[in-house]
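Subject: Model handover

Hello,

Please find the model below, handed over for your own work. My notes come after it.

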Amino acid sequence: MATDYAALKKGGWMRQKQKNRFALRVHVVGGHMTEKQLIGVSKVAEKYGEGYVHLTARQSLEIPFIRLEDIEAVKAELAEFDVVPSVCGPRVRTTTACQGSAVCPSASIDTYNLATEIDERYFAKELPGKFKFGITGCQNNCLKTEENDIGIKGAESVDWIEDNCIQCGVCVKACRENAIKLEDGRIIIDEDKCTYCGRCAKSCPSDAYEEHPGYIMSFGGMYGNHFHKGRQILPFVQSHDKLIQLCDACINFFHDHGKAGDRFQNCIAREGEDTFDAYIKEVFEKSEESAAEEASKPLELTDWKLRTDI
Amino acid sequence: MAVEKAGFQIDDTVDITDVVCPVTFVKAKVALEELDDGQVLSVHMNDGEPVQNVPRSIKEEGHKILKLIDNEDGTYDLIVRKVEE
């Protein structure tokens, strides 16, 4: 029987230049692997590979030099350690993330939980081309989110709490945009300069800022044969459900307008950036109720081809 | 012998204008370790990165920031009360 290389690639098995050898990409979400998963990968690399793994540019992990005839055995052994193959080709790929607010003092959002949610909602969905999500906790942007088709950056809006403020002036200096003034004992924030980075609140020694986490999104990034920096387009996105509604809208736009082999930006450029910008702004303006309803249900697409090979 | 600065009784002073990040914070942290719980340290630091980062790092260590004084010569004095874990 002829080997179905396309099906193998879809299931995360990448053909090597060496005959009948494959590098297996395993499914990693948000850059986390448990010690159990690492042990499983280690065992398989030793038994079926060449005793090493390759860490990919996007927080995945590949086990090279697996023989074609061992593929089923490898899948079974990895499954015992909660490791499943990832995907390659024209579909939603690994969702990458920095460590986020679970450990990082700078982060505004819990990137790992969001990455898990995004992965559960979109991972391996069939699209005209590859589609990547990247999530970072704050505007230090350790994850370089603009490289992704959709980039999500943690951000926060703040409210000054006058009663808690000791007028120390630390926030004025912590702000990198010079958006804060301390005048006559009052904090004045220049909304036009504020980038929602939250450094004022993080630096405040007296809890005089109320933090409201949210997101800054970028659209259409790619860093392969052609470069394009994802564009921000929208203002600060405050709600989680709105974020999901916007992600759904992008997937639908790409699904409906993309040609085989496109990246999201190729599709946006062909339809016209003005057209896409108007479309995404319209979704942004939709009611919070509509966003809540959409986020509470799985993504819906009529001719969706669900992945069945893992 | 405590001295007074901006209405605070200062127990010790450390100058971190002669070092760069991350030694700025380390030097301040070492100075705080020398103090007893509740004593007050004045940290003399440069404008720019030190004043943007050192107050926050000290806060994250659990100490209480009382005041940031702008000396209007490109330096600042951060007044910190030591809080034991």
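This is a predicted model: local features need pLDDT of at least 70, side-chain atom pairs count only at pLDDT 80 or more; totals for chains, interfaces and linings use all residues.

Residues are numbered from 1 along each chain as its sequence is written, and chains are lettered from A and ligands numbered from 1 in the order in which they are written.

Chain A has 10 helices and 12 strands (DSSP runs numbered from the N terminus: H or I of at least four residues for helices, E of at least two for strands). Along the principal axes, its C-alpha atoms fill a box of roughly 80 × 45 × 35 Å. Of its 310 residues, 41% count as buried (20 or more other C-beta atoms within 10 Å of the residue's own, with C-beta atoms placed from the backbone; 12 or fewer is exposed, and in between is partly exposed). Where contacts in chain A join residues at least 6 apart in sequence, 67% of them are between residues at least 24 apart; a contact requires C-beta atoms, placed from the backbone, within 7 Å.

Chain A is assigned domain 1 (5-79) and domain 2 (97-157 + 214-295), with bounds from an automatic or database domain assignment. The C-alpha centres of these two domains of chain A are 28 Å apart. Four residues of domain 1 of chain A and six residues of domain 2 of chain A make up the contact. The domain 1 side comprises one nonpolar residue, three polar and no charged (nonpolar: Ala, Val, Leu, Ile, Met, Phe, Trp, Tyr, Cys and Pro; charged: Asp, Glu, Lys and Arg; polar: the others, Gly among them).

Between the chains, 12 residues of chain B touch nine residues of chain A. On the chain B side, α2 (49-60) and β5 (64-70) are the elements that give two or more residues. That side holds five nonpolar residues, one polar and six charged.

Beyond neighbours within four places in sequence, A:Cys250 is in contact with A:Ile150, A:Phe219 and A:Phe264.

Regards

Terms used: Two residues are in contact if their C-beta atoms, placed from the backbone, lie within 7 Å.
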